[in-house]
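Me: Could you take me through this structure one feature at a time, with the general idea before each case?

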Amino acid sequence: MDEAVTDLPPGRECGTCTLCCKLFPVPELEKPAGRWCRHIAQGRGCGIHETRPEICRAFFCQWVYNADLGPEWKPEVSRFVLSIYPGSNSLVVTADPGAPAAWRAEPYLRNLRRWAEAALAQGDQVLVMHGARATAILPDREVELGEIGAGDRIATYRGPGGYDVKRIPAGAANG
Ligand code: SF4
Ligand code: SF4
């Protein structure tokens, strides 16, 4: 959303990508998730760059931050946005509703599974979000968790057959 921050890896620029301006909500503009912002100038970025909301100024996706991710991971190419869930080290893959299964293609899925293995070992997660619906990535499979409501939690644990995951509804015991 923003190209003014300077402490980013060299060569990382949003350029013609604007996918986060579609996928994420901007409450200040009453812009819902999954729809293009009315201020987008397609292929050129933000049409209100000087006065854009703070939430837009603050956000960069993981492709911008992480120089190890190749051009195939740039959101306008991959059709999903990688970000870190606030307050955690969990990786969130926000899927473009126009290409909801793009993350299942390679090289994406094998890397997401690999990162999930490392994340789970540290108590973190790799999740794909389709709006409010979540899919958990495990090292050996994906698990559909359904809609994640306010206060719901996603619990991952290691069982005899490997990692498993479940959604714990708000107010429920850990079970
Ligand atoms: S998704 Fe990433 S690369 Fe694309 S515009 Fe947003 S911050 Fe920039
Ligand atoms: S205000 Fe600008 S940066 Fe923010 S979502 Fe809209 S087009 Fe993107």
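Me: How many Å separate the centres of domain 1 and domain 2?

Reply: Domain bounds come from an automatic or database domain assignment, and here the chain is divided into domain 1 (1–60) and domain 2 (79–175). Their centres, taken over C-alpha atoms, are separated by 24 Å. The contact takes five residues from domain 1 and five residues from domain 2, where two residues are in contact if their C-beta atoms, placed from the backbone, lie within 7 Å. This is a predicted model, in which local features need pLDDT of at least 70 and side-chain atom pairs count only at pLDDT 80 or more, while totals for chains, interfaces and linings use all residues. Residues are numbered from 1 along each chain as its sequence is written, and chains are lettered from A and ligands numbered from 1 in the order in which they are written.

Me: What is the order of the strands in the open sheet?

Reply: Strands of a sheet pair through backbone hydrogen bonds, either parallel or antiparallel. Strands are DSSP runs (E, at least two residues), numbered from the N terminus, and two of them pair if DSSP finds at least two bridges between them. In this open sheet of five strands the order is β3-β4-β5-β6-β7, with mixed pairing. Because β3 (80–84) and β7 (142–147) stand at the edges, each with a single partner strand, one side of each is left without a neighbour in the sheet.

Me: How many bridges join β3 to β4?

Reply: Five bridges join β3 to β4 (residues 91–95), and the two strands run antiparallel. Within this pair, L82 stands opposite V93 in β4.

Key
Helix = DSSP H or I, 4+ residues; strand = E, 2+ residues; numbered from the N terminus.
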